[in-house]
Amino acid sequence: PLEKLNKPLQWNEKEGKPVLWFAVGSKGRDLDEFLSRLQARHKGIDFISRFPRHKLRIPNVDAAEMLVIACSKILFHANQKEMTIDEVQATALLYFASSVDARQVNDRVFLAVGELKKASTRLHYDNCFLAGAAEKETFKITHQPYYDLLKDKYISLRG
């Protein structure tokens, strides 16, 4: 509830102690939509008024950044399971980079690594989906030219 945040967000700028607050949201397409959703809530306008300047927009994660995030998560989750993953099928990375948002990548990678046997050193496209998941075939069809080009390629990972 925004009412509980209002009092802690009151500060005295005359004391010369700069304060930096982050209000982060995952709903809405952009900052304007996020702010309009906040304004519509009880005490929303009061809450937003406590941030009079410097409203920053952090851009969405792009495909290249998502590849780095996915690879680091693969290495992290493999390490947690005391496994070593040396290679990832390029189609798995295509899936992570184009079909999973930044909030989901950790959970999806966790599931994919969880599908591997202890001795596995390769993460395959098929590991990214639960058995019988329709999403696996839908992704293949939707991304057919890229999928066909990458299906036999593996990317080497070094942690």
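Figure 1. Along the sequence, the elements of the protein follow the pattern α-α-α-α-β-α-α-β-α-α-β. The model shown here and in the other views is predicted. The protein has eight helices and three strands. Of its 159 residues, 30% count as buried. Among contacts between residues at least 6 apart in sequence, 71% join residues at least 24 apart.

**Figure 2. Crossing of helix 4 and helix 5.** Helix 4 spans residues 63-80 and helix 5 spans residues 90-99. Their axes come within 8 Å and cross at roughly 125°. This angle lies between 115 and 145 degrees, and the two helices are therefore oblique to each other. The crossing in which helix 4 passes helix 5 is right-handed.

**Figure 3. Residues at the contact of helix 4 with helix 5.** From helix 4, the contact involves A63, M66, L67, A70, C71 and I74. On the side of helix 5, these residues meet L93, F96 and A97. By residue class, the contact of helix 4 with helix 5 holds nine nonpolar residues, no polar ones and no charged ones.

**Figure 4. The largest nonpolar core.** This core has 26 residues. I74, I85, V88, Y95, F96 and L123 are the members that touch the most other members. Helix 4, helix 5 and helix 6 (105-114) are the elements that give two or more residues to the core. Two of the residues named here, I74 of helix 4 and F96 of helix 5, also take part in the contact between those helices. A separate core, apart from the largest one, consists of seven residues, including F34, L35, L38 and F51.

**Figure 5. Surroundings of V88.** V88 is among the residues of the largest nonpolar core that touch the most other members. Leaving aside residues up to four places away in sequence, V88 touches I74, L93, L123, K153, Y154, I155 and L157. Among these neighbours, I74 and L123 are listed with V88 as residues of the core that touch the most other members. I74 and L93 also belong to the contact of helix 4 with helix 5.

Figure 6. T91 lies in helix 5. Its relative accessible area is 0%, and the cut-off for a buried residue is under 20%, so T91 is buried. Not counting residues up to four places away in sequence, T91 touches Y125, F139, Y147, L150 and K151.

Definitions and conventions. Residues numbered from 1 in each chain as written. Predicted model: local features only at pLDDT ≥ 70, side-chain atom pairs only at ≥ 80, totals over all residues. Heavy atoms only, no water. Axes fitted to C-alpha atoms, helices over the stretch in contact; angles between N-to-C directions. Helix = DSSP H or I, 4+ residues; strand = E, 2+ residues; numbered from the N terminus. Parallel < 35°, antiparallel > 145°, perpendicular 65-115°, else oblique. Left-handed = near helix turned anticlockwise from the far one by under 90°. Contact = heavy atoms within 4.5 Å. Nonpolar A, V, L, I, M, F, W, Y, C, P; charged D, E, K, R; others polar. Core = buried A, V, L, I, M, F, W, Y, C linked by side-chain atoms within 4.5 Å. Buried < 20%, exposed > 50% of the residue type's maximum accessible area, 1.4 Å probe, protein only.
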